[in-house]
Amino acid sequence: LEKLYPEDVLKISEGLTDGEVKFLSQMVELLETKYRKDLNKHWSNATVPEGFFEDMGKLGYYTNPLLFEGREDSKQTSQLFQFFFAYTLARFDVSLNTLLGVHSGLGFNTFLFGGSDEQKAKYIPKLASHELRTCFALTEPDHGSDVAWGLETEARREGDKWILNGEKRWIGGANVADVIPIFARDVETNKPKAFIVEREQAGVDIDVIDNKIALRIVPNCNIHLKDVEVKEENRLQNINSFRDIAKVLYSTRAGVAFMATGAMAGALQATLKYVNEREQFGKTIANYQLVQEKLSMMQANLTNAMALSAQIAKLQENGDYNEIVTSIGKMSNALRLRETVAMGRGVCGGNGIVVDYDIARFFSDAEAIFTYEGTHEINALVIGRALTGKAAFN
Ligand code: FAD
């Protein structure tokens, strides 16, 4: 463990089983040997490394027997493992973690929580094995934070089918998804519903948002829907209100808190490497007190975030997905991440803004984490509502 997680000074990873540690070590080995070399090139060129999705499917982060050693009675991987899985992947690269997360978190949970028994039997095994890819299409060009209030994409029922019209924005991995859960408002009842749309289906048009300065590996997409026909049997039967959608969001919001923690660890790794190589005034800059103060603050931020994430994971293990805790996790870890990457970037001097030195990637990617899955302000308002009993937003 000391080799796998040297930054884990609270020794939280000691709670992982031997099988989980073995799995995570294998994943690190794969990432380092196969994907490290061209990672920054992919980030600069905004391309997805070939084989990544297939390799993660083969590793089997839902199903690998290593994850069930000693807990054969459980059908699900442990929440502490879920934390370390996201952490470890984000420590390597936040884009790859996000790309996988929209499939395995937001998308997968939409089918899991929203599907009927028949729909789950049809889709869940294929999604788990990566035979099918999915994503999560909620946000619209004119509705981000207020999407629950303003969802404009329309669903009109005609006999045993629905007709969808509208626009989606920011949808991660939509251009490579086989099945896309589209959230739309039933024009008759005004209630939101979710529809399984196939990427290649008539009336679906997808383009990738260019020129992002964060998560450049993730293809975030606009989706245009024009008279798209979906059979009633392909409507996710258990999503009938915004409360149902919120259930999916709350289950994955903690995942973003975990990811932010991993990104801090990645930033610390990159910075430590740099300060031990870069010489100024005849010594490596690791020798200087002011540099060490930055490193110690980065480590302290990371340690705080790890403790918070691990406790959230513990609550979730017991089925407690409460919204104040997940919002605190997301808001607080994203804020600490922003501070941490900025200190790392500063310590790396001019090279801190050059992608080749890794820290620039974490520095930029922190900005996406700060915004998605509820902006800083929206999570603050969720916490504020819990504290005061007064909703300061709709
Ligand atoms: P806005 O809602 O326009 O907010 C702009 C600013 O106003 C923010 O600072 C916000 O906090 C503030 N604000 C808004 N309302 C209030 C208020 N009442 N009080 C105080 N301040 C307020 N969506 C998906 O559905 N699927 C995806 O896969 C997906 N992936 C994403 C990936 C990336 C990289 C990004 C950037 C976004 C992604 N999103 C996705 C969308 C994301 O969830 C939204 O960007 C987010 O909800 C914020 O919406 P917005 O960008 O429209 O900002």
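Me: What should I know about numbering and confidence?
Reply: Residues are numbered from 1 along each chain as its sequence is written. The model is predicted, so that local features need pLDDT of at least 70 and side-chain atom pairs count only at pLDDT 80 or more, while totals for chains, interfaces and linings use all residues.

Me: What is the strand order in the open sheet of six strands?
Reply: The order is 4-3-1-2-6-5, with mixed pairing. Strands (E, at least two residues) and helices (H or I, at least four) are DSSP runs numbered from the N terminus, and two strands pair if DSSP finds at least two bridges between them.

Me: Which strands stand at the edges?
Reply: Strand 4 (192-198) and strand 5 (204-208) do; each has a single partner strand, so one side of each is left without a neighbour in the sheet. The twist averages 30 degrees from one strand to the next; axes are lines fitted to C-alpha atoms, for helices over the stretch in contact, and angles run from 0 to 180 degrees between N-to-C directions.

Me: Which helix packs on the sheet?
Reply: Helix 5 (residues 94-114) does, touching strand 2 (161-172), strand 3 and strand 4. Its direction makes about 150 degrees with that of strand 2. Contact requires C-beta atoms, placed from the backbone, within 7 Å.

Me: In what sense do strand 2 and strand 6 pair, parallel or antiparallel?
Reply: They pair in the antiparallel sense over nine bridges, and W162 has V230 of strand 6 as its bridge partner. Strand 5 and strand 6 are also antiparallel, over five bridges, whereas strand 1 (residues 154-158) and strand 3 (residues 179-186) pair in the parallel sense over two bridges.

Me: Changing topic: how many residues surround the ligand?
Reply: There are 20, and the closest are T139, G144, S145, T375 and E377; a residue counts if its C-beta atom, placed from the backbone, lies within 6 Å. Strand 2 gives the largest share, three residues. The shell divides into 12 nonpolar, seven polar and one charged, where Ala, Val, Leu, Ile, Met, Phe, Trp, Tyr, Cys and Pro are nonpolar, Asp, Glu, Lys and Arg charged, and the others polar.

Me: And which residues does I182 contact?
Reply: Leaving aside neighbours within four places in sequence, I182 is in contact with A137, T153, L164, K168, A194, F195, V197 and L225.

How values were computed:
Contact = placed C-beta atoms within 7 Å.
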